[in-house]
Amino acid sequence: MRFSTKAIHVGQEADPTTGATIVPIYQTSTYTQEAVGKHKGFDYSRTVNPTRVALEAQLAALESAAHASAFGSGMAATAAVMNLLSAGDHVVVSDDVYGGTYRLFSRVLERYGLTFSYVDASDPHAVAAALGPATRLVWLETPTNPLLKLVDIRAICDLVGSEIVVAVDNTFATPYFQQPLALGARVVVHSTTKYIGGHSDAVGGVAITNDGGLHERIKFHQNSVGGVPGPFDAWLVMRGAKTLALRMQQHERNALAIAQFLAQHPKTERVNYPGLPSHPQYALAQRQMSGFGGMLSFTLRVPEQRAMEFAGTLRYFSLAESLGGVESLICHPARMTHGSIPKEERERRGITDGLLRLSVGVEDVEDLLEDLETALARL
Ligand SMILES: *Cc1c(COP(=O)(O)O)cnc(C)c1O
């Protein structure tokens with residue numbers, strides 16, 4: 001079965017009791033048992049819910065995997081994977097991970113006795129050099145946010161060997177453009193709030209693996225801690241995911257056209273998009289990804305204040321955090337998504353005050369280009 005067929009069919013047989021073609025929203029917390037312990041496999045909705053089970057089957061299939069556990073947010077999914085570890089364990093992390101991931105690691109999990117080393121994982125040898133006897137997990141994100149740097153997943157998996165779990169946050173690329181498990185990763189995590197849900201109307205997350213043992217432990221944590229999505233949110237994410245392929249094709253077409261337009265514009269200094277041959281890792285992008293996605297960032301040749309004003313003058317790009325929905329968004333990372341990182345650290349990483357990030361939507365690209373052109377002309 002191929003990608004879109006899986007998105008539309010896996011986990012989504014007609015409802016056995018009513019014949020409903022679309023998986024119902026099983027808005028129930030509990031299930032009536034015929035006799036003590038005699039039930040249809042469902043006892044309590046924190047543990048198991050039919051709408052969530054359908055979503056988990058669908059999302060596992062999209063990563064060509066056997067198992068998925070759905071969560072109430074991307075951070076809850078990340079926390080569940082990190083809960084595979086114990087006090088004293090060491091983790092190597094790619095240094096421009098999502099800000100919320102950095103916050104979870106540095107402000108929550110360090111208190112539980114985990115230690116973290118942040119390295120520029122775009123160089124696989126930097127990851128190898130950071131490994132120690134206590135290293136149990138490598139956490140990667142690619143492409144990264146907001147600079148769209150890439151990490152060579154296969155090279156890193158080969159370098160670290162099979163004793164260490166490599167986990168990849170695949171939110172930016174989506175399973176449509178990148179399949180980390182096939183490149184050697186053991187676990188994939190998504191914020192389904194973003195492209196997988198795709199309509200900016202639900203918050204969710206998922207952890208996906210082919211490893212039965214890891215899956216059992218993640219499931220145990222899902223039930224023990226309880227960070228599960230409600231049935232309606234599970235249903236919204238499942239509905240969104242049915243059109244993931246269609247949306248990603250248009251996100252990418254639009255993003256490429258905008259990246260090319262910005263790259264030749266005299267008022268831009270630099271454009272970061274893995275689909276441009278000028279991207280320093282263009283060859284890796286072509287090898288590792290089947291498409292380049294809908295995210296890009298760029299710097300304007302103007303002072304910070306003007307860059308921030310520019311972000312507020314666009315007609316179709318809403319000034320907002322988040323990404324991956326059908327509507328286009330613009331954000332100023334230094335003041336918005338990455339505002340919690342100290343300024344010197346931000347600048348060291350290249351997140352300068354003139355940097356702007358676009359989540360390119362699926363609107364007609366001519367409208368998006370006109371919008372950008374008009375605002376640039378006014379600068
Ligand atoms: C948004 C995001 C997360 C966190 O997901 P939530 O659903 O907001 O909890 C994690 N990783 C990446 C790359 C994200 O963009």
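Guide: Two rings of Phe, Tyr or Trp (for Trp, its six-membered ring) count as a pair if their centres lie within 6.5 Å; planes under 30 degrees apart are called stacked, those over 60 edge-to-face, and the rest tilted. This is a predicted model, in which local features need pLDDT of at least 70 and side-chain atom pairs count only at pLDDT 80 or more, while totals for chains, interfaces and linings use all residues. Residues are numbered from 1 along each chain as its sequence is written, and side-chain values use heavy atoms, with hydrogens and water left out.

The structure contains 11 aromatic pairs. In one of them, the ring centres of Phe105 and Trp139 are 5.8 Å apart and the planes stand at 90 degrees, so this pair is edge-to-face. Phe105 belongs to helix 4 (residues 99-108) and Trp139 to strand 4 (residues 135-141), so that the pair links distant parts of the chain, 34 residues apart. Helices (H or I, at least four residues) and strands (E, at least two) are DSSP runs, numbered from the N terminus. Phe105 and Trp139 are both buried, where buried means under 20% relative accessible area, exposed over 50% and partly exposed in between, with a 1.4 Å probe and protein chains only.

Another pair is stacked: Phe232 and Trp235, at 6.3 Å centre to centre with 15 degrees between the planes. These two residues are three apart in helix 9 (residues 231-241), which means that about one helical turn separates them. Phe232 is partly exposed because its relative accessibility is 42%, whereas Trp235, at 18%, counts as buried.

Phe105 and Trp139 also belong to a cluster, in which ring pairs link them with Tyr102, Phe116 and Tyr118. Tyr102 has a charge over its ring as well: the charged end of Arg349 sits there, 5.9 Å from the ring centre. For this, NZ of Lys or CZ of Arg must be within 6 Å of the ring centre and within 35 degrees of the ring normal.

A salt bridge is a side-chain nitrogen of Lys or Arg within 4 Å of a carboxyl oxygen of Asp or Glu, and the whole structure has 14 of them. Glu345 is partly exposed at 24%, and Arg348 is exposed at 57%. Arg346 bridges to Asp353, with the closest N and O atoms 3.8 Å apart. Arg346 is buried at 9% relative accessibility, and Asp353 is buried at 14%. Salt bridges with shared partners join Arg346 and Asp353 to Lys343 and Glu347 in one network.

Strand 4, which carries Trp139, has a salt bridge of its own: Arg136 meets Asp89 at 3.9 Å, N to O. Arg136 is in strand 4 and Asp89 in the loop between helix 3 (74-82) and strand 2 (90-94), so the bridge ties together parts 47 residues apart in sequence. Arg136 is partly exposed at 37%, while Asp89 is buried at 12%.

Strand 5 (residues 165-169) and strand 6 (residues 187-191) run parallel and are joined by three bridges.

Key:
Two strands pair if DSSP finds at least two bridges between them.
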